[in-house]
Every structure is written in C-alpha cells, then in structure tokens.
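Please read it with the sequence and the structure open.

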Amino acid sequence: MTQVQDVFCRYEKKYLLDEAQYRAVRKAMAGRMARDRYGRYAICNLYYDTGTFELIRRSLEKPLYKEKLRLRSYGIPNPDDLVFLELKKKFDGVVYKRRTELSYREAQRYLLTGGTPGETDQIFREIDWFRRSMPLRPAVFIACDRTAYFDDGGGDLRITFDDNLRFRRSSLSLSKGDWGTPLMNPGEILMEVKIPGAMPLWLGRTLSEAGAFPSSFSKYGVCYQKYLSRREGGSACA
C-alpha cells in the first residue's frame, strides 16, 4: 500500500458569497494569492454515518467537540487511483484533520468488508477505531467544483472557492460519477479561508467592505437539514 499521512490543525472560516462579493475578494487577492497547479477540479466525498444520521445530528447541535468520517477523491477514481480516508474533528473552533491515502480498491475493501490494508500506522488505527465504534455506513455523496489559492509570499494562508455543490443518496460510490441534485442557489460560491492563525488584515478588510460575514455552512449539514432529515428511513432522494 502506498500511504501518505497528513495531519492538519487550523482554523477554517467559511463565507457564502454572491457574485459581487466574489469579484471583490478576487480583486483583493491579485498579487497576494496564486492559483494552485490543479486549476479547477471536482472534489467527491462519500460521508459515513449511522442509519439514523447520528454523527451529523450531533454536529448540528454545535457541541464543543465533533467528528466526521469521509472518503474523498479528486475526480472520479479508478480502482488503482489514490483516495483519502479522512477523520475530521473540530474542537473549540479548531479543525483537526487526520487522513491516510489508499488506493480506491484498498479503501473499498476496507470500508465494505473491514479488510485491513497491508501496511497500517497510527493514523489508520485511529480512523479504524472510530469506524468500529459505531455502525457506520455510506450516508450521502457530496461533490463540488473547487478552485484553490495559496499565499504567493510563502505564508500558510489558503483560500478555496467551491461552487456547483451537489449531492445524491443513491449510487453511493465515488466511482459512479460526480452527478447529483444541486445544494446551492445559482450564483452562490462557498469560500473557505484556511489558516493556522489570525486572518490577514487585507482579507478581513475586504470581506468587511464587501458585506461578507462568516457562515456556519456545512456541506453535509445543509444536505441533512434540507433533504435527509425529512427522509430518514425512507427512499433515496437523489
């Protein structure tokens, strides 16, 4: 198994922008932020939860500590493509993300049958313990189209813009395509500011002048509140 571990500890601030606010932020970013080498790409996520959506219901209660388990790919994966198995935690406003990289074939085998990959480490064992602590199963597929930027001056600031957010409750596999029912209104863009410390003054000033304020927007949370909570135990909704 080819395995790369990533551990993130950072603040993540989300802003739901309209087109005018988006243009204002992009203008302010000129000369400060550079687009990453991947350009615009699709992010596909398969969220795991209990049959009664215990994890997302607990998360929406805004506890001091919460967790989510998901399988993520960049684009639609083939069996030998690498994907990320991620345990995302949030404690007192700080996001801690633990993730391990597996081939899609290995990830499917593990998540469907519990078959352990040939090599494991502390991060995988932490994810495995969480997965086995409750009866988790695929709950919803959520995808978006993302453009990401990083600090051109070498700082830790990262800004992403997500649009065309969509979901489905059927065909719960990353390999079944990135289609789904829209979750956002036309023209809406979700901006995420990811940084280990304080936000730069230029960005805070730009957002304030544009009338853009932090949002508690959660992709899985919005999907649950708008669609899944009305269909618990029912048929697929997309």
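The points below are grouped by topic. The model is predicted, and the values quoted are computed from it. In the whole structure, a search finds 9 aromatic pairs. The largest nonpolar core has 23 residues, and apart from it lies another core, of 22 residues.

**Aromatic pairs**

- A pair of aromatic rings is described by the distance of the centres and the angle of the planes.
- Of the 9 aromatic pairs found, one is formed by Y22 and F161, with ring centres 5.0 Å apart.
- The planes of Y22 and F161 stand at 85°, so this pair is edge-to-face, the cut-off for that class being over 60 degrees.
- Y22 belongs to helix α1 (residues 19-29) and F161 to strand β7 (residues 158-168), so the pair links parts of the chain that are distant, 139 residues apart.
- Y22 has 22% relative accessibility and counts as partly exposed, whereas F161, with a relative accessible area of 3%, is buried.
- Elsewhere, ring pairs join Y38, Y41, Y74 and F84 into a cluster.

**Charges over rings**

- R168 lies over the face of F141, 3.8 Å from the ring centre.
- The charged end of R168 also sits over the ring of W179, at 4.5 Å from its centre.

**Nonpolar cores**

- In soluble globular proteins, nonpolar side chains tend to be buried together.
- Within the largest core, of 23 residues, those with the most contacts are Y48, L69, L71, L85, L136 and L174.
- Two or more residues of this core come from each of β2 (33-49), β3 (65-74), β4 (82-91), α3 (104-113), α4 (122-132) and β6 (137-151).
- The other core, of 22 residues, lies apart and includes Y47, F53, A139 and C223.
- Leaving aside neighbours within four places in sequence, L174 is in contact with C44, N45, L46, L71, R72, S73, I76, P77, Y104 and F141.
- F141, a contact of L174, is also a ring that R168 lies over.

- Is E86 buried or exposed? E86 counts as buried, because its relative accessibility is 0% and the limit for buried is under 20%.
- E86 is placed in strand β4.
- A polar contact of 2.7 Å joins the side chain of E86 to the side chain of R70.
- Not counting residues up to four places away in sequence, E86 touches K68, L69, R70, R72, K97, R98 and R99.
- One of these, L69, is among the residues with the most contacts inside the largest core.

Definitions and conventions. Residues numbered from 1 in each chain as written. Predicted model: local features only at pLDDT ≥ 70, side-chain atom pairs only at ≥ 80, totals over all residues. Heavy atoms only, no water. Phe/Tyr/Trp six-rings, centres within 6.5 Å; stacked < 30°, edge-to-face > 60°. Helix = DSSP H or I, 4+ residues; strand = E, 2+ residues; numbered from the N terminus. Buried < 20%, exposed > 50% of the residue type's maximum accessible area, 1.4 Å probe, protein only. Lys NZ or Arg CZ within 6 Å of the ring centre and 35° of its normal. Core = buried A, V, L, I, M, F, W, Y, C linked by side-chain atoms within 4.5 Å. Contact = heavy atoms within 4.5 Å. Polar contact = N/O pair within 3.5 Å; in protein donor to acceptor, adjacent residues only side chain to side chain.
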